[in-house]
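Okay, hi everyone, thanks for having me. Let me put the structure up, and then we'll walk through a few of its contacts together.

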Amino acid sequence: MKTGFEPGIVRSLTLTVTPDMCPVFDGVVVHPVYSTWSVAHHFEIAARTVLVDFLEPDEEGVGSHVSVDHLAPCQVGGQVRVEAELVEVSQDRHIKVVCACRAFSGERLLATGRQVQVVMEKEHLKRYFERS
């Protein structure tokens, strides 16, 4: 990891809720609002932006956990800001990166959660994928 990768780093993304972000079950749109799985996807993207600038050329991050507490809806056409904040970096066998995530529509809190990535050497990761 490059220097400066310490808790407190925050990255965000802004998006407009589109129909493909609505919850769909058995081909039926259940509600015309931002789905929980879309929130989880955007938490993953925001957390990746926390990590990516600090990876060495021989390193890669892999998601290992995401959680979402979906607190409020946001309708199609609504604006959402997703934030990820680096809250923990630890190392056992590999580097573990934990981000606290939040989604807002204006000042209204839509969701909170956590995303975890594991940083590995690209060659190790390649061998791991080939074994599975």
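So, a salt bridge here is a side-chain nitrogen of Lys or Arg within 4 Å of a carboxyl oxygen of Asp or Glu. Before I use that, some housekeeping: this is a predicted model, where local features need pLDDT of at least 70, side-chain atom pairs count only at pLDDT 80 or more, and totals for chains, interfaces and linings use all residues. Residues are numbered from 1 along each chain as its sequence is written, and side-chain values use heavy atoms, with hydrogens and water left out.

How many salt bridges does the structure hold? The count is 4. One of them pairs R48 with E60, and their closest N and O atoms are 2.5 Å apart. R48 sits in helix α1 and E60 in strand β4, so this pair links distant parts of the chain, 12 residues apart.

Next, look at R81, E83, E85 and R102, which are linked in a network of salt bridges. E83 and R81 meet at 3.0 Å, N to O, while R102 and E85 have their closest N and O atoms 3.7 Å apart. R102 is in strand β6 and E85 in strand β5 (residues 79-91), so that contact ties together parts 17 residues apart in sequence. Is E83 buried or exposed? It's buried, at 15% relative accessible area, whereas R81 is partly exposed at 26%. The cut-offs: buried is under 20% relative accessible area, exposed is over 50%, and partly exposed is in between, with a 1.4 Å probe and protein chains only.

On to the rings. Phe, Tyr and Trp rings (the six-membered one for Trp) pair if their centres lie within 6.5 Å; planes under 30 degrees apart are stacked, over 60 edge-to-face, and the rest tilted. That gives 3 aromatic pairs. In one of them, F5 and F54 are tilted, 5.1 Å centre to centre with 45 degrees between the planes. F5 lies before β1 (10-16) and F54 in the loop between α1 (36-52) and β4 (59-70), so the pair joins parts 49 residues apart in sequence. F5 is buried at 9%, and F54 is buried too, at 13%.

Key. Helix = DSSP H or I, 4+ residues; strand = E, 2+ residues; numbered from the N terminus.
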